[in-house]
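Please read these notes with the structure open beside you. Each point takes up one topic.

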Amino acid sequence: MTIQVERKDPVRCLIPQGTVEGMRVPGLLYADGRILAEVKEDPVLQQVANVACLPGITGYSFAMPDMHWGYGFPIGGVAAFSAEGGVVSPGGVGYDISCGVRLHVSRLTEEEVKSVLPGLLDALFSAIPCGVGSEGLTSLKGSRLEAVLKSGAAWAARNGFGDARDLERIEHGGCLDGADPGEVSRRAKERGQGQLGSLGSGNHFLEIQRIDEVFDPALARSFGLVPGRVTVMVHCGSRGLGHQVCDDFLKTLSRSVSRYGIRIPDRQLSCAPLDSDEGKAYLSAMKAAANFAMANRQAIGSRVREVFSRFFPGESLDLLYDVSHNIALMEKHSYSGKESWFCVHRKGATRALPPGHPELPGIYSKTGQPVIIPGSMGTASYVLAGAAGSAECFCSTCHGAGRVKSRSAALKAMDARGVASALEEKGILVRAGDLRTLGEEAPEAYKDVDIVVDVVERAGLSRKVARLTPIAVIKG
């Protein structure tokens, strides 16, 4: 069916309650005319309406401007479920649990890095495993894996991967409380035990960038972002372990829907009450997978620092922040004048805590949370900061550019070798674990990240701080 939308203001559209039978709240799309034109015939709008049918949903079923079709929930989707009567759904988190991004900031200029760039990129490509099935930097068997699932990035920092000072600059201090390794299946553990410190494949990447433009000089200075200097961005998640956790619990929760008398418009929206045994088990396993993902990015960041120090002795590559964008978290929010607990699902969406928020680390209490928005391969990325307007959507914002072509459609339309050549003609060096990935991830397969970021700023969800442009890319 065609989903009708109503324009609310220049960057907001509504899917009225009742568009799909059983909707408990309206859908709210953050979209200007260009974004809406790209998605108006897309099944993503049906998914936004379907999510609005789930028990306990509060406010709206939200979709960020990078929205596109996903499993059950749209990618770019945000939904908050009341702690009393609400549900948790693996489809609202996705297969790559705690897929996220971190940004390291250097004191090096683009000219300094470009003088050694081919060798530096080769060294990084050699040092950091990437591609389908890639093995990690250390083996995690028995108690070691259990400790990672319980302690996250803190385990990595204690075991030679980075510095404990990094933990303040990772969401939740690099560890989600309440993770239970016992809820993670043996198969999931088998898949993860050799993958810590690996990029994986698909849209995961490591990118060396130049700070191209600053929009808020005061905020940029506080974040250490100086025009012309170099940053390193890492984008990856929980690898095979997180994928298996999602797969396991989709099967479990598909049985619980009928048990609890929950009606869903799409079987991919399998869910369970938050206070049920199944719901609690999923949240505990999801947290363990998220801890693995944060430890994974911490290990990769440590290896990046080691490689840079060989080329630039004394360079520290300070961590700005590490954020997740596939996760469901119990959070306290004030909504409709009342403070309550909600399970906030963010699938392809990022927390954007405003200045003064009690969950911010002290170093960012006055600035708001750094929000890291990767663009498509070969286009710009952004650093944003959380803004007060994000309270409308439970302190959330976009997570990237968002696809306009599926991976298969992109491969049909674009030649991988041609993509590599086009990037190198722009002065962007490329290395890939699998050449096919370059075709799947070509810039033309994604929305214009400049437009996406413009929408969330105009909506008051976050503020632009700086724009980053790539000079070298490693793809899985």
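1. Surface. The protein chain has an accessible surface of about 17000 Å², and 48% of that surface belongs to carbon and sulfur atoms. Accessible areas come from the Shrake-Rupley method with a 1.4 Å probe, and for residues only the protein chains shown count as cover.

2. Basis. This is a predicted model, in which local features need pLDDT of at least 70 and side-chain atom pairs count only at pLDDT 80 or more, while totals for chains, interfaces and linings use all residues. Residues are numbered from 1 along each chain as its sequence is written, and side-chain values use heavy atoms, with hydrogens and water left out.

3. Overall build. The protein chain contains 14 helices and 19 strands; these are DSSP runs numbered from the N terminus, with helices being H or I of at least four residues and strands being E of at least two. The radius of gyration is 21 Å, close to the 23 Å that the globule rule gives for 476 residues, so the chain is as compact as a globular protein of that length. That radius is taken over C-alpha atoms, and the globule rule is 2.2 Å times the number of residues to the power 0.38. Along its principal axes, the C-alpha trace spans about 60 × 50 × 45 Å.

4. Burial and contacts. Of the 476 residues in the protein chain, 62% are buried. Buried means under 20% relative accessible area, exposed means over 50%, and partly exposed lies in between (1.4 Å probe, protein chains only). Among contacts between residues at least 6 apart in sequence, 78% join residues at least 24 apart; contact means heavy atoms within 4.5 Å.

5. The open sheet. Which strands form it, and in what order? Seven strands take part, in the order β1-β2-β3-β4-β5-β13-β12, with mixed pairing. The edge strands are β1 (6-9) and β12, each of which pairs on one side only. From one strand to the next, the twist averages 25°. Two strands count as paired if DSSP finds at least two bridges between them.

6. The β1 side of the sheet. Strands β1 and β2 run antiparallel and are joined by three bridges, with E6 opposite L14 in β2. A hairpin with two residues in the link connects β1 to β2. Further along, β3 (residues 27-30) and β4 (residues 61-68) pair in the parallel sense over three bridges, and L29 stands opposite A63 in β4. Helix α2 (residues 43-51) lies across β2 (12-15), β3, β4 and β5, running at about 160° to β4. For that angle, axes are lines fitted to C-alpha atoms, for helices over the stretch in contact, and angles run from 0 to 180 degrees between N-to-C directions.

7. The β12 side of the sheet. Strand β5 (residues 75-82) is joined to β13 (residues 338-347) by six bridges, and the two run antiparallel. A80 has V344 as its bridge partner in β13. Strand β12 (residues 326-335) also pairs with β13 in the antiparallel sense, over ten bridges, and E331 stands opposite F342 in β13.

8. Two serines with positive phi. Most residues other than glycine have a negative phi. S336, in the loop between β12 and β13, has a positive phi of about 55° although it is not a glycine. S98, in the loop between β6 (87-88) and β7 (100-109), has a positive phi of about 60° and is not a glycine either. Are these residues buried or exposed? S98 is buried, with a relative accessible area of 0%, whereas S336 is exposed at 74%.

9. Nonpolar cores. The largest nonpolar core has 61 residues, and those with the most contacts inside it are L29, Y30, F62 and M67. Helix α14 (residues 449-458) supplies the largest share of this core, six residues. Apart from it lies another core, of 42 residues, including L140 and F249. A nonpolar core here is a set of buried Ala, Val, Leu, Ile, Met, Phe, Trp, Tyr and Cys residues joined through side-chain atoms within 4.5 Å. Leaving out residues up to four places away in sequence, M67 touches several residues, among them L29, Y30, I75 and K447.

10. A buried threonine. T367 sits in the loop between β14 (350-351) and β15 (370-373). T367 is buried, with a relative accessible area of 12%. Leaving aside neighbours within four places in sequence, the contacts of T367 include L219, F223, P355 and R463.
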